[in-house]
Amino acid sequence: MTYFRKNIEAMTGYTPGEQPQGDSGAVKLNTNENPYPPSPRVLEVLRRTDWSLLRKYPDPMANKVRDILARMHGVRRDNILCGNGSDELLGLAARAFCGERDSLAYPVPTYSLYPVLAWIQGAEPVEIERAPDFSLPGNLLDRAKGARMLIICSPNAPTGTWTPPEVLESLADQFKGVLAIDEAYVNFARGDAMRLAERYNVLVFRTLSKSYSLAGLRFGYVVGPEALILGLRKVKDSYNVDAISIELAAAALEDQAWMQANVEKIRSERARLSEGLARLGFAALPSEANFVLAAVPDGDAGRWHEALKARRILVRYWNRPR
Ligand SMILES: *Cc1c(COP(=O)(O)O)cnc(C)c1O
């Protein structure tokens, strides 16, 4: 006898990467955070924020941020919904589009949150193997047929693989459900698919956690056609983004130069790390994100993981095929 719904009883929750508390000396590469600080304007705004702001509920739609984003992406305010991290928005999409026994499809390997979102709904995760080079497989549309939502993570976690917008556009044309494009890492890549967000059954998810160095703030947004955004709005908490986040997200977004400069540094470090790993015999995949996926030379990744941890270098470890 259990109090839980069958699917909740049967599922395992998402396992986040280790977040050591108070170990400021660690080289932390395991959760794809940004190693550089956020824009100083964020701190400035935090310092001069009037604390009486906290007495009242925040703007339920975070319109201040929506207006900045609308200008930035050349869309209208009604095409945007802000959230408590893009994880929240992905969850809203699963709740809005996927019911019991519906399918939620996505190519794998990918972000391990997606199956969790399906399980919570009592929906069926449909996992479609990526091609040997981790690009999208030829049978993708065939396998995703009938799914309510297809999630493509681009650049993909944890492979770093980027999917060209033309490929996504042709998917959007042919797929009958909602195409969710998770662009958490897109600022590190050579291009993005934002232009698809207004025209089709497409939702583009972005976050301030990675390129804007604000993982602790919890701010993400989704861009899409007004009808889809209106539907997601029905599902969300009334005040899903807090008053301080609204102010700080606005400040971060208005300092594009700071974000871009950090992105440039990370791209150059990414190349240096990949070259170094290759020299040591690791098979590092080309990455369009702020992380690198590498196979260890001797096949014993668990040992490397522990040995690096002993040196206070945290990496994510997967003991899975491919
Ligand atoms: C980090 C990440 C997110 C979202 O992060 P939030 O901190 O919730 O905004 C979404 N998708 C992928 C693939 C990620 O790596």
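Buried means under 20% relative accessible area, exposed means over 50%, and partly exposed is what falls in between (1.4 Å probe, protein chains only). This is a predicted model, so to speak of a local feature takes pLDDT of at least 70 and side-chain atom pairs count only at pLDDT 80 or more, while totals for chains, interfaces and linings use all residues. Residues are numbered from 1 along each chain as its sequence is written, and side-chain values use heavy atoms, with hydrogens and water left out.

**View 1. Y57 and Y239 form a stacked aromatic pair.**
Let's begin with rings. Rings of Phe, Tyr and Trp (its six-membered ring) pair if their centres lie within 6.5 Å; planes under 30 degrees apart are stacked, over 60 edge-to-face, and the rest tilted. A search of the whole structure turns up six such pairs. Y57 sits in the loop between helix 2 and helix 3, and Y239 in the loop between helix 8 (226-235) and helix 9, so the pair ties together parts that are 182 residues apart in sequence.

F282 belongs to the loop between helix 10 and strand 9 (283-284), while W304 is in helix 11 (residues 301-310), 22 residues apart. F282 is buried, with 12% relative accessibility; W304, at 28%, is partly exposed.

**View 2. Four tyrosines make one aromatic cluster.**
Look for Y14, Y106, Y111 and Y114, which form this cluster. Y111 also shows up among the residues around the ligand.

**View 3. The ligand has a shell of residues around it.**
Among the members are G85, S86, D87, C153, D182, A184 and Y185. How does the shell divide? There are four nonpolar, four polar and four charged residues. Polar side-chain atoms come up to ligand oxygens at 2.5 Å from T207, 3.0 Å from K210 and 2.6 Å from R218. Taken alone, the ligand exposes 390 Å², and the protein buries 93% of that.

**View 4. T207 sits in strand 7 (residues 202-207).**
With 5% relative accessibility, T207 is buried. Its side chain reaches the backbone nitrogen of S209 at 2.9 Å, a polar contact (a pair of N or O atoms within 3.5 Å; within protein, one must be able to donate a hydrogen and the other to accept it, and residues adjacent in sequence count only if both atoms are side-chain atoms). Leaving out residues up to four places away in sequence, T207 touches S86, A184, Y212, F219 and G220, where contact means heavy atoms within 4.5 Å.

**View 5. Helix 9 (residues 243-253) is largely enclosed by the rest of the structure.**
Why say enclosed? Because nine of its eleven residues are buried, including A243, I246 and L253. The buried residues of helix 9 pack against helix 2 (40-48), helix 3 (63-73) and helix 10 (256-279). At the start of helix 9, a side-chain oxygen of D242 comes within 3.0 Å of the backbone nitrogen of I244.

How values were computed: Helices (H or I, at least four residues) and strands (E, at least two) are DSSP runs, numbered from the N terminus. A residue is near a molecule or strand if one of its heavy atoms lies within 4 Å of it. Accessible areas come from the Shrake-Rupley method with a 1.4 Å probe; for residues, only the protein chains shown count as cover. Ala, Val, Leu, Ile, Met, Phe, Trp, Tyr, Cys and Pro count as nonpolar, Asp, Glu, Lys and Arg as charged, and the others, Gly among them, as polar.
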